[in-house]
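Have a look at it first, then read on.

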Amino acid sequence: MPRMPQTTMVATAPLVDTHGRVHRDLRISLTDRCSLRCTYCMPEQGNEWLARSSILSTEEIVRIARVAAAAGISTFRLTGGEPLLRPDIVEVVRALAPLETPDGPVQIAMTTNGIRLPDFLPDLVEAGLSRVNISLDTLRRDRFHDLTRRDRLDDVLAGVAAAAASGLRPLKLNAVAMRGVNDDELCDLVEFAMAHDAQLRFIEQMPLDIGHTWDRTTMVTRDEILATLSERWELTPVPGRGGAPAERWQIDDGPHTVGVIASVTAPFCGDCDRLRLTADGQLRNCLFSRSEYDLMPVLRGGAAVAAGEAVSIGVRPLDTGIDARIDDVLRSCIRGKLPGHAINDPAFLQPVRGMNAIGG
Ligand code: SAM
Ligand code: SF4
């Protein structure tokens, strides 16, 4: 078994891009595979999966995360594909949880379809998982089947119940709002979330499905979502959003809130503090970017990097050549970040990979 890198390393300069945004959040896709086939994410058949040999090992993930933490990345969100399909998911969490930023410990969060949560949650919590988001677009079994092409609603609901019973808070439920599919269930989903002490967050559907089926005219907008919810509840904006993707509203007098992630009609790029790492070792600076920054030659083409070589990256040199090269790739990725995505530009081209391979 290769030796795990140590959990702390010399602090490096923060990851500030050319537009002044400080990056603190790295989304790590652990696999492109999934137990569901949500229509807005993957085709029912004909997916081309990443080769198993190209998937990052736990040691490689931790090595990258350790370099990122030294540069101030304080939240690592595990996603996919379905992160709970990864056989060593508990080990991944256990290895990441002790990492330290210059300002303190990191937080490990996960976005999951929830199906395997009842089996894994106690071990994940014990290993150091801090938060979980579960995706749930409908409470109706027939719809769930149509939407995900799998009859697994009961398993997802069991996952939500397990998360609600755990101490992990805030618990968030994500729902993609779709016209003629679940837009008559928006209030039911919020009621369900409140009954489970969870925050419902509606996501505007984005052009990220492999089948390229997204259609602006059918997507349900932030304003439509708010209009529907306002017929039932009084919504009061919650201030202090920071870099969070969701705008939030307090429901009536509280304590519950509801969120909307309006990437299409109200982009929040100006406050974006996120980077992404795909399961095959590509860094991305935006969900919608068509560029990737390859870490594989650094991780697996080690011969080109002299062990112990020190590379200056701003404030202080890192201690090993490989870590310094990882840091260089991170900073190239940050430098290449554009001020915003171009979904609303007529010339916009969808990324080649689908959401399951990018890591949502
Ligand atoms: N399998 C896990 C899950 O579904 O939670 C994690 C990966 S999934 C890609 C992460 C999130 O992306 C989910 O909440 C999902 O609803 C959302 N998502 C996927 N495709 C989307 C799209 N085209 N537009 C908006 N959200 C999308
Ligand atoms: Fe799987 Fe998540 Fe994509 Fe649905 S959204 S197909 S659960 S990766």
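A polar contact here is a pair of N or O atoms within 3.5 Å; within protein, one must be able to donate a hydrogen and the other to accept it, and residues adjacent in sequence count only if both atoms are side-chain atoms. The model is predicted, so local features need pLDDT of at least 70 and side-chain atom pairs pLDDT 80 or more, while totals for chains, interfaces and linings use all residues. Residues are numbered from 1 along each chain as written, chains are lettered from A and ligands numbered from 1 in written order, and side-chain values use heavy atoms, leaving out hydrogens and water.

Ligand 1 has these pairings with its nitrogen atoms:

| Residue | Protein atom | Distance |
|---|---|---|
| G81 | backbone N or O | 3.0 Å |
| E82 | side-chain N or O | 3.2 Å |
| M206 | polar backbone atom | 2.8 Å |

Taken alone, ligand 1 exposes 540 Å², and the protein buries 95% of that (Shrake-Rupley method, 1.4 Å probe).

Now for W233. W233 counts as buried because its relative accessible area is 8%, and buried means under 20% (1.4 Å probe, protein chains only). Beyond neighbours within four places in sequence, W233 is in contact (heavy atoms within 4.5 Å) with C187, V190, E191, M194, I251 and D252. K172 is 61 residues from W233 in sequence and 19 Å away, C-alpha to C-alpha.

Conventions:
Buried means under 20% relative accessible area, exposed over 50%, partly exposed in between (1.4 Å probe, protein chains only).
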